Amino acid sequence: MSKPLRVLSGIQPSGKLTLGNYIGAMKNFVELQKDYECFFMIVDLHAITVPQEPAALREQTESVAALFIAAGIDPAQAAVFVQSHVPQHAELGWIMTTLSYMGELERMTQFKDKSEGKDAVGAGLFVYPSLMAADILLYQANLVPVGDDQKQHLELTRDLAGRFNFKFGETLTVPEPYIPKVGARIMSLDDASKKMSKSNPNAGSFIALLDSPDDIRKKISRAKTDLGREIVFDPKEKPEISNLMTIYSNCAGISLEEVQARYEGQGYGAFKKDLAEQVVATLEPLQQRYREIRESGEIHEILRAGAEKARAVAEVTTRQVKEAMGFLLPSSKR
Ligand code: TYM
């Protein structure tokens, strides 16, 4: 039997996770775990590229881990772990930083967005994509499920893997992004020209995975709509309603065409009401499981076992990388 293909992805433990994170990434983690050897992590080393309050970082890390499991990731199938529990991320991250060019890092749109208008920009924010490349390459991942906003970082990762292999011999797997066809970019509920984001100061602009059913209903009933009243998918002419249809399609598990057909002749009011119920029906069971997992305390053992599994792979790749580059490896005890 040939080796199963590997999947790796990560989510930052900053702020609240949104429906965008769920549809763009997490939902696919759950799908992929059946057919691939999966590694899913909470990227705390990435989170500290912007200031974090220690107690909040700790709480968010545990919370995101519990959300992974609540969303349906099975720790018996996939390794769920915290990035900083596997020290090789920082080690290979440094190595990837030394292989990255200033120019290519300067071109990263996420860096431009996050640093815009700031007087002091941390160096960590600048080399963030080199660490992300290390995350992926450490596991020799074939597929990386992410939303559209990570596409450019994936391109850089592919370039770095190719550069390494060219300079030091075939060592690293060049990964492919795995981006959903519908839902790769869930937009803000108050402005469909902006990505739905946990860092938006207007809480009405995003649905957090732990929002109460009432809050979800309120947020959707207030979501911006376009002129007219038809439910048609047309991101150019009707960006707001197209975004809501994308959310519907993902939560109900039906195609955009089916959503359109289902609401033919009906107005925004009826559609939004049903959409709210679809989102509540998707998130309520997840929230229930989340509470159970947090109460049981089982997450600590899940993360311990996940890190052990991850470390075993990460150690092998790091050794191969260092050997290829000419590092003098420490001799093992006889
Ligand atoms: P992060 O934490 O910002 O987001 C986690 C995942 O959610 C996706 N996402 C969205 N998808 C659709 N619509 C949205 N509005 C939306 N908002 C977020 C993101 O594309 C992402 O897949 N750099 C990464 C974390 C990371 C990583 C990695 C990912 C670190 N190392 C290695 C993959 C592999 C990030 O900041 O994601």
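Analyst: The crossing of α9 and α12 is right-handed, meaning that the near helix is turned clockwise from the far one by less than a right angle. This is a predicted model, where local features need pLDDT of at least 70, side-chain atom pairs count only at pLDDT 80 or more, and totals for chains, interfaces and linings use all residues. Residues are numbered from 1 along each chain as its sequence is written, and side-chain values use heavy atoms, with hydrogens and water left out.

User: Which residues of α9 and α12 make the contact?

Analyst: From α9, Pro-213, Ile-216, Arg-217, Ile-220, Ser-221 and Arg-222; from α12, Lys-272, Leu-275, Ala-276, Glu-277, Val-279, Val-280, Leu-283, Glu-284 and Gln-287. Contact means heavy atoms within 4.5 Å.

User: Are α9 and α12 roughly parallel or antiparallel?

Analyst: Roughly antiparallel, a label for angles over 145 degrees. Their axes, lines fitted to C-alpha atoms over the stretch in contact, cross at roughly 150° and come within 9 Å.

User: Switching to α13. What span should it have?

Analyst: Its 27 residues (299-325) should span 39 Å at 1.5 Å a residue, and the end C-alpha atoms are 37 Å apart, which agrees. The expected span is 1.5 Å times one less than the number of residues.

User: What follows α13?

Analyst: Gly-326, with a positive phi near 95°.

User: And which residues of α8 are buried?

Analyst: Among them are His-153, Leu-154, Phe-164 and Asn-165; buried means under 20% relative accessible area with a 1.4 Å probe, protein chains only. Just after α8, Gly-169 has a positive phi of about 95°.

How values were computed:
Buried means under 20% relative accessible area, exposed over 50%, partly exposed in between (1.4 Å probe, protein chains only). Helices (H or I, at least four residues) and strands (E, at least two) are DSSP runs, numbered from the N terminus. Axes are lines fitted to C-alpha atoms, for helices over the stretch in contact, and angles run from 0 to 180 degrees between N-to-C directions. Angles under 35 degrees count as roughly parallel, over 145 as roughly antiparallel, 65 to 115 as roughly perpendicular and the rest as oblique.
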